[in-house]
Amino acid sequence: MAIPVIDFSKLNGEERAKTLAQIANGCEEWGFFQLVNHGIPEELLERVKKVSSECYKVEREESFKSSKPVKLLNDWLENKSGEKLENLDWEDVFLLHDDNEWPSNLPGFKETMREYRSELKKLAEKVMAVMDENLGLPEGYIKAAFNGGEGLEKAFFGTKISHYPPCPHPELVNGLRAHTDAGGVILLFQDDQVGGLQILKDGQWIDVQPLPNSIVINTGDQIEVLSNGRYKSVWHRVLASPDGNRRSIASFYNPSMEATIAPAAQLVDKANQEVEEGYPKFVFGDYMSVYAEQKFLPKEPRFQAVRAM
Ligand SMILES: O=C(O)CCC(=O)C(=O)O
Ligand SMILES: [Fe+2]
């Protein structure tokens, strides 16, 4: 079993209807799918791989050796206390967004990542427009919902560069613990060779197979709420591996912290609304406060907690 691979270029031709249906199926049945022929130039993707790997080697690899996961694993091995190291991720992470200080001084890093982020943001908006269409919402609905509205902060587009260095004891620790993503639409550019990302599908963990230069799309908790449960955010995790340094670059199109998120009125069945307690309506910043404490737990208590806020 493998997650769907969809040719995004077919959206603009005779196979548009079929491609829309494939994306609808990816959203409804999987929560994860891979796009090929997505329009991001290969040459740019090659540069992104090069600068992010160089950045890790030159600026980060050495300090990973004295990082928290390495220390905790070593302590554990000395003391042999407890079971698996449950509260730990074997990863090196840093974040890029529009107005951050650039975390790397490497030649070409800033220019390349700026260009990449601008392309990915456009791709995210195209994917969101497809979701609007598939859900029967007016064009631009999701984007507008993620923008805070007049006078409020705009939607947030962030990029997280992760490396999962080789781990001497992958049976004791996760690369990244299982979770669903908090935000909107996530676009992942994962390693060509080193796997490890898995999603939970019908009770089974299945691999998100590496496919060079594809972009993996998944939907977060906010798309689940907005779509009134049509598109569920799906559990995923990254396994640590004994060899290979896995690179992954996740970009997320999230609501503004000030945006109010609720199921789209068009998708709420009025007849059932009175008997069933559906998804809550809340301010995204409040959701993130809950998520910060409960990221690795099921999402339902998070929905309950923001309902009560
Ligand atoms: O590194 C990956 O492949 C997945 C990262 C992820 O799930 C996340 O950042 O939320
Ligand atoms: Fe995630």
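Reader: In what order do the four strands of the open sheet come, and how are they paired?
Author: This is a predicted model. In it, the four strands form an open sheet in the order 5-10-7-8, with antiparallel pairing.

Reader: Which strands stand at the edges there?
Author: Strand 5 and strand 8 (204–207) do. Each has a single partner strand, so one side of each is left without a neighbour in the sheet. On average, neighbouring strands of this sheet are turned by 30° against each other, direction ignored.

Reader: And how many bridges join strand 7 to strand 10?
Author: Three bridges join strand 7 (residues 197–201) to strand 10, and the two run antiparallel.

Reader: Next topic. What is the order of the sheet with seven strands?
Author: That open sheet has the order 1-2-9-6-11-4-3, and its pairing is mixed. Its edge strands are strand 1 (5–7) and strand 3 (92–96), each of which pairs on one side only. The twist from one strand to the next averages 25°.

Reader: How do strand 6 and strand 11 run, parallel or antiparallel?
Author: Antiparallel. Six bridges join strand 6 (residues 185–190) to strand 11 (residues 246–254). Leu-187 stands opposite Ser-251 in strand 11.

Reader: Which strands does helix 4 lie across?
Author: Helix 4 lies across strand 2 (32–36), strand 3, strand 4 (156–164), strand 6, strand 9 (215–219) and strand 11. Against strand 4, helix 4 runs at about 115°.

Reader: What about helix 1 and helix 4, at what angle do they pack?
Author: Helix 1 (residues 16–30) and helix 4 (residues 109–135) pack at an angle of about 90°, and their axes are 10 Å apart. Angles of 65 to 115 degrees count as roughly perpendicular, and helix 1 and helix 4 are therefore roughly perpendicular to each other.

Reader: Which residues meet there?
Author: From helix 1, Arg-16, Leu-20, Ile-23, Ala-24 and Cys-27. From helix 4, they meet Val-130, Met-131, Glu-133 and Asn-134. By class, the contact has six nonpolar, one polar and two charged residues.

Reader: Stay on Asn-134. What is Asn-134 in contact with, leaving aside neighbours within four places in sequence?
Author: Asn-134, found in helix 4, is in contact with Leu-20, Ile-23, Ala-24, Arg-230 and Tyr-231.

Reader: And how far is Asn-134 from Asp-243?
Author: Asn-134 and Asp-243 are 41 Å apart in space, C-alpha to C-alpha, and 109 residues apart in sequence.

Reader: How many of the pocket's lining residues are nonpolar, polar and charged?
Author: The lining of the largest pocket divides into 16 nonpolar, eight polar and six charged residues.

Reader: And cavities, how many of 30 Å³ or more?
Author: The count comes to one cavity of 30 Å³ or more. About 40 Å³ of space lies in the largest cavity.

Reader: What lines the largest cavity?
Author: Tyr-164, Pro-165, Val-194, Gly-195, Leu-239, Ala-240, Ser-241, Gly-244 and Arg-246 line the largest cavity. By class, these residues are five nonpolar, three polar and one charged.

Conventions. Residues are numbered from 1 along each chain as its sequence is written. Chains are lettered from A and ligands numbered from 1 in the order in which they are written. This is a predicted model: local features need pLDDT of at least 70, side-chain atom pairs count only at pLDDT 80 or more; totals for chains, interfaces and linings use all residues. Side-chain values use heavy atoms; hydrogens and water are left out. Axes are lines fitted to C-alpha atoms, for helices over the stretch in contact, and angles run from 0 to 180 degrees between N-to-C directions. Angles under 35 degrees count as roughly parallel, over 145 as roughly antiparallel, 65 to 115 as roughly perpendicular and the rest as oblique. Contact means heavy atoms within 4.5 Å. Ala, Val, Leu, Ile, Met, Phe, Trp, Tyr, Cys and Pro count as nonpolar, Asp, Glu, Lys and Arg as charged, and the others, Gly among them, as polar. On a 1 Å grid over the protein atoms alone, a cavity is a set of points where a 1.4 Å probe fits but cannot get out, and a pocket is an open set with protein on both sides within 12 Å along at least five of seven lines; lining residues have an atom within 4 Å of a point. Grid points are joined across faces, edges and corners, and a volume is the space filled by probe spheres set on the points. Two strands pair if DSSP finds at least two bridges between them.
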